[in-house]
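The sequence and the coordinates are shown first.

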Amino acid sequence: MTAMTLAQALNSAMDVMLARDDNVLLMGEDIGYFGGVFRCTEGLQKKYGPGRVLDTPLSEGGIVGAAIGMGVYGLRPVVEIQFADYSYPAFDQLASEAARLRYRSAGEFWAPLTVRTPYGGGIFGGQTHSQSPEALFTHVCGLKTVIPSNPYDAKGLLISSIEADDPIIFLEPKRLYAGPFDGHHDRPAASWDGHPHSEVPDGHYRVPLGKAKIARPGNAVTVLAFGTMVHVAMAAAADSGVDAEVIDLRTLIPLDIDTVAASVKKTGRCVIVHEATLTCGYGAELAALVQQHCFFHLEAPIGRVAGWDTPYPYAFEWDYFPGPKRIGAALVKAMDAKAW
Amino acid sequence: MTQAHSAPSDQPGRPALSLHIPEPKFRPGQKPDFGGLRISKPGEIPRPPIDVAPHDIRDLADGVIRVLDDEGRAVGPWDPGLSATDLRRALRFMMTTRSYDDRMLRAQRQGKTSFYIKCTGEEAIGVGQSLALAAGDMMFPTYRQPGLLIARDWSLYDMACQVFANAGDRMKGRQLPVLYSVPQEGFFTISGNLATQFIQAVGWAMASAYKGDHRIAAGWIGDGATAEGDFHYALTFAAVYRAPVILNVVNNQWAISTFQGFAGGENATFAARAIGYGLPGLRVDGNDILAVVAVTRWAAERARANLGATVIELVTYRAAAHSTSDDPTRYRPADEWEHWPLGDPIVRTKQHLIARGDWTEARQVQLAAEVEDEVQGAVKKAETLGVLGKGAQHRPETMFEDVYKEMPPHLKRQREEFEGGR
């Protein structure tokens, strides 16, 4: 076991897989010699060579399209799109191609690629370096969407993703690369040092796709969250004094509805949290599923706390970000059906 | 499990296939030597008539059009014959651009903004091309051409307010620093994504032609971003419709940490991309203000004469970091720029003015002081109004505006919720 940041844990996952499987290779902008703009691939080109850790042209559609071709050959490309905001030029290759090869060829072709990409705000990245586009991907059948919230899960989930035979969108909460972030932006930045989930096995292990985890047990209300918002939701529970059960979904597609439903049936209340814009966000799907599975257990309407339906405004990052105060208010409201 | 369609094949006598991985010539710790770079002699490249068939000037895509020689003299057919007044203005704007960059970088280091991007070493491009275009023409820049605005004498105070995202920022704090927008000067709102503006410039030019207008468009893109699909869209549409547009590729050698070989620059010049589309492709010394002005004027005249688009590769060097988030000493020799054979555009312009007897070292010192004062005054004024998160700011609830022309009910509700929760 080694104490790792989230970025180091991802690096370790790629290191392990490059060592284990000759078919695994990395591709992306600035990931090779430079080690990536967030340092996630630092040292890997030196260790495995520029032919296995490939710097690429600035061409997201090209990167993903090439990775599909490699996947069809039988390789397991792991590509980095430098920011999730840059994934849109690759959208056709992802949505129309990677997602559907297996279906349209009735299982004759597929591309086992993993697309790693940093998402979310908290670094004053403005509207083109802060978005959370998970719902664009979860809406595409054929893609699996994975979002870790801590170093241990990040490594295990990335290994499972690389080993999977389906295309995986692996969204990395960029605000968590160096340390956990609970949304209290005015406090000093935290580090992963000493965090229970920063102790990471050095070798190979898997965290299974499609399994949620209870990040904070509680009895009053269920909070569904993923990525950065897991930490923010836990802070909101502590700040508001509401005994929330925070579920870290970890995989959005396929969703672990059993863990979600069991918790909501226990608490009778549910608040959904994400950083992406509200309307048609992943929270809408969660709300629909929760009411379907737990309708007769619900004691209050399902709450949603999300980014406002605007682009991410550079200077008003903290007015936009759904922080612990907003989430805490939603928890309190969830406890009082008459407040609705 | 592998897919069933093929198995690796072993063919004795044939070489095993292998990938070529581009590698820049020099890495940190190595001594840069650009001796192998093929650069034409100043004055060597002919200047064809604007109605030349693109096919007949294919070789121009491989040369480098240069006017200023090593002694600072203007030589050859591309000399645009600028007046001393115009040249001194160009020098002043280039120096203003550099001084502004330096001051804003310091402001970033002091925490007054979160981010900044310099264009050091590339000042002749923004300034020269801006001076070669006409008022009313539409410019679709990247984040590394602030000289386009500065050469229009646009307010440095206005630019600094954008960087500080204060109450004077006309973009209301919505955009990353340096992503300016100035419709009054034909300066399109800069996108934080790469390459998107290139095809948009073509579309604007198509609209101008559609309406029988006389205005032309110009787009800019970096060497790295030519790998995006938008570059191909732009050249295709520009060629198909003979759009009145100038398509500028600023080859500053580096796209963050990847050298231009990763955009295909090892195999052919960026100007040569034009050939495959049937467009003229000119390659110009981007640090030679006279050559930049002359080539841009040539392309502008072609566009205005209904002869269609021109691709211009401006060969330069990104002397500074990609941005304040970057550390170029990790991937290239720290002193690489000092070895760049095309020199410093400001020094070369000054040298030329002195060589023609229109300038002195004393006046240069005086101008530097004037520029410094001007920049300092404008930036200080903006800082006094406010910097990121301090001083006069836009009201945060303005973030709900301009998502749509009229705010729909769901956004009004969200704004109310936001105001109620503060």
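## Contact between the chains

In this predicted model, 39 residues of chain A are in contact with 39 residues of chain B. On the chain A side, strand 3 (53-55), helix 3 (60-73), helix 11 (317-320) and helix 12 (324-334) each supply at least two of the residues that touch chain B. Helix 3 of chain A gives the largest share of that side, namely three residues. By residue class, the side of chain A that touches chain B divides into 20 nonpolar, 12 polar and seven charged residues.

## The open sheet of chain A

Chain A contains an open sheet of five strands in the order 9-11-10-13-14, and the pairing in this sheet is mixed. Its edges are strand 9 (213-216) and strand 14 (303-307) of chain A, each of which pairs on one side only. On average, and with direction ignored, neighbouring strands of the sheet are turned by 25 degrees against each other.

Within this sheet, strand 10 (residues 221-225) and strand 13 (residues 270-277) of chain A run parallel and are joined by three bridges; Val223(A) stands opposite Val271(A), a residue of strand 13 of chain A. Helix 8 (residues 228-240) of chain A packs on the sheet, where it touches strand 9, strand 10, strand 11 (244-248) and strand 13 of chain A, and its direction makes about 175 degrees with that of strand 11 of chain A. Helix 10 (residues 282-294) of chain A lies across strand 10, strand 13 and strand 14 of chain A, and runs at about 160 degrees to strand 13 of chain A.

In soluble globular proteins, nonpolar side chains tend to be buried together. The largest nonpolar core here has 126 residues, of which Ala238(B), Val245(B), Val284(B) and Val295(B) touch the most other members. Helix 8 of chain B gives the most to this core, with 11 residues. A second, separate core of 105 residues includes Met14(A), Met234(A), Ala237(A) and Val273(A).

Helix 8 (residues 289-304) of chain B has 16 residues and reaches 22 Å from its first C-alpha to its last, close to the 22 Å expected at 1.5 Å a residue. This helix of chain B is mostly covered, with 13 of its 16 residues buried, and it is followed by Asn306(B), whose phi is positive, near 65 degrees.

## Strand 6 of chain B and Val284(B)

Strand 6 (residues 281-285) of chain B is mostly covered, since five of its five residues are buried. Gly281(B), Arg283(B) and Asp285(B) point one way from the strand, whereas Leu282(B) and Val284(B) point the other way. Five bridges join strand 6 to strand 7 (residues 310-315) of chain B, and the two run parallel; Gly281(B) stands opposite Val311(B) of strand 7 of chain B. When residues up to four places away in sequence are not counted, Val284(B) touches Val64(B), Ile65(B), Ala291(B), Val292(B), Val295(B), Ile312(B), Leu314(B) and Val315(B).

## The surroundings of Trp254(B)

Trp254(B) has its place in strand 4 (residues 254-255) of chain B. Trp254(B) counts as buried because 24 C-beta neighbours lie inside 10 Å, where 20 or more are required. Leaving aside neighbours within four places in sequence, Trp254(B) is in contact with Phe259(B), Arg318(B) and Arg332(B). The C-alpha atoms of Trp254(B) and Tyr317(B) are separated by 7.7 Å, although these residues are 63 residues apart along the chain.

Terms used
Residues numbered from 1 in each chain as written. Chains lettered and ligands numbered in written order. Predicted model: local features only at pLDDT ≥ 70, side-chain atom pairs only at ≥ 80, totals over all residues. Contact = placed C-beta atoms within 7 Å. Helix = DSSP H or I, 4+ residues; strand = E, 2+ residues; numbered from the N terminus. Nonpolar A, V, L, I, M, F, W, Y, C, P; charged D, E, K, R; others polar. Expected span 1.5 Å × (residues − 1). Buried ≥ 20, exposed ≤ 12 C-beta atoms within 10 Å, placed from the backbone. Core = buried A, V, L, I, M, F, W, Y, C linked by C-beta atoms within 7 Å. Pairing = 2+ DSSP bridges. Axes fitted to C-alpha atoms, helices over the stretch in contact; angles between N-to-C directions.
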